[in-house]
Amino acid sequence: MPKPFCERLRDFEHRILDNLDKIACPCHLSLGQEAVSEAIHENIQRDDWLFSTHRNHGHYLAKGGSEDKLWDEILGLDSGLNGGHAGSQSICDPSINFYASSIVGGSVGIAVGAALASKGTGHLVVCCLGDAATEQGVFWESVSFAVVKQLPILFLCENNGLSIDVPIQERQPHKENQPAALWFRVTSFGLRNLPGTLGYIPMAFKLARNEPIFMEIPVKREGKHCYFPSPSTKH
């Protein structure tokens, strides 16, 4: 019997941790945020699009990506997903409509473009982003355009409260050490949001096929921001 998705994802990420002397690139792991990827996995359809971030392993596997090809890509092998050239952060798999970007907020505008092309097809675009991506101008421009054009896109913000290791309280305006909720800010653009709990994700997928939806889901990053290749001790 196949393992549950969260277990598969954790096994994959721990495989990286156990083989830091073999990997060929920096890796941002999904540990601690598996439940969001699992919810995507359970609700996304084959012809939907998914745009991700530098922390993308969970999202890629949620879209139905190949563990073997991703592993080989992280090892820098020719047999990797992108021939060993993309590493962990900028992987793409056109066969399943999946794209990721190493640039914070780098895929948001592209996701909105894909949503414009998808309007009227019944398919939706899932745009995964972190809280730091909302500090990029392209995020707000994209939100405005998506609302004006009523595009089929789900902005799914996994808010771990950190940009590398800098807490959100030191990066965004706040009162009494509490920044305003991101979901509250986007409402001023007319963007509809749903409560940030996993139980609302099926509804979000349903609604976002006809209008832009925003969800801010609090998550807790497990481990370091990034793991780097370790020098091999083998001779």
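Gln150 is found in the loop between α6 (137-149) and β5 (153-159). In this predicted model, Gln150 has a phi near 50°, a positive value in a residue other than glycine.

**Loop residues with positive phi**

- Most residues other than glycine have a negative phi.
- Gln150 is partly exposed, at a relative accessible area of 35%.
- Asn97 also has a positive phi, of about 60°, although it is not a glycine.
- The position of Asn97 is the loop between β2 (92-93) and β3 (98-100).
- Asn97 is buried, because its relative accessible area is 15% and the cut-off for buried is under 20%.

**Helix α1 against helix α2**

- Helix α1 covers residues 5-17 and helix α2 covers residues 34-43; their axes come within 9 Å and cross at roughly 130°.
- This angle makes α1 oblique to α2.
- The crossing in which α1 passes α2 is right-handed.
- On the α1 side, Phe5, Cys6, Leu9 and Arg10 take part; they meet Glu34, Ala35, Ser37, Glu38 and His41 in α2.
- Sorted by class, this contact of α1 with α2 holds four nonpolar, two polar and three charged residues.

- Glu38 lies in helix α2.
- With a relative accessible area of 23%, Glu38 is partly exposed.
- Not counting residues up to four places away in sequence, Glu38 touches Phe5 and Cys6.
- Glu38 and Phe5 are 33 residues apart along the chain, while their C-alpha atoms are separated by 6.1 Å.

**Helix α1 against helix α4**

- The axes of α1 and helix α4 (residues 67-74) come within 12 Å and cross at roughly 20°.
- The two helices α1 and α4 are therefore roughly parallel to each other, since angles under 35 degrees count as roughly parallel.
- α1 and α4 cross in a right-handed way.
- From α1, the residues in this contact are Arg8, Phe12, Arg15 and Ile16; from α4, they are Glu67, Leu70, Trp71 and Ile74.
- The contact of α1 with α4 has five nonpolar residues, three charged ones and no polar ones.

**Asp72, a residue of helix α4**

- Asp72 lies in helix α4.
- Asp72 is buried, with a relative accessible area of 19%.
- Leaving aside neighbours within four places in sequence, the residues in contact with Asp72 are Leu77, Ser79 and Gly80.
- Asp72 and Ser163 are 91 residues apart in sequence, and their C-alpha atoms are 28 Å apart in space.

**Helix α5 against helix α6**

- Helix α5 (residues 108-118) and α6 pack at an angle of about 15°, and their axes are 9 Å apart.
- α5 and α6 are therefore roughly parallel to each other.
- The crossing of this pair, α5 and α6, is left-handed.
- Val108, Gly109, Val112 and Leu116 of α5 make the contact with Val138, Phe139, Ser142 and Phe145 of α6.
- By class, the contact of α5 with α6 consists of six nonpolar and two polar residues, with no charged residues.

**Nonpolar cores**

- The largest nonpolar core has 41 residues, and Ile16, Ile40 and Leu156 touch the most other members.
- Helix α1 supplies the largest share of this core, four residues.
- Ile40 touches Leu50, His59, Ala62, Cys128, Leu156 and Phe205, not counting residues up to four places away in sequence.
- A second, separate core has 22 residues, among them Cys127, Phe139, Ala146 and Cys157.

Conventions:
Residues are numbered from 1 along each chain as its sequence is written. This is a predicted model: local features need pLDDT of at least 70, side-chain atom pairs count only at pLDDT 80 or more; totals for chains, interfaces and linings use all residues. Side-chain values use heavy atoms; hydrogens and water are left out. Axes are lines fitted to C-alpha atoms, for helices over the stretch in contact, and angles run from 0 to 180 degrees between N-to-C directions. Angles under 35 degrees count as roughly parallel, over 145 as roughly antiparallel, 65 to 115 as roughly perpendicular and the rest as oblique. A crossing is left-handed if the near helix is turned anticlockwise from the far one by less than a right angle, and right-handed if clockwise. Contact means heavy atoms within 4.5 Å. Ala, Val, Leu, Ile, Met, Phe, Trp, Tyr, Cys and Pro count as nonpolar, Asp, Glu, Lys and Arg as charged, and the others, Gly among them, as polar. A nonpolar core is a set of buried Ala, Val, Leu, Ile, Met, Phe, Trp, Tyr and Cys residues joined through side-chain atoms within 4.5 Å. Buried means under 20% relative accessible area, exposed over 50%, partly exposed in between (1.4 Å probe, protein chains only).
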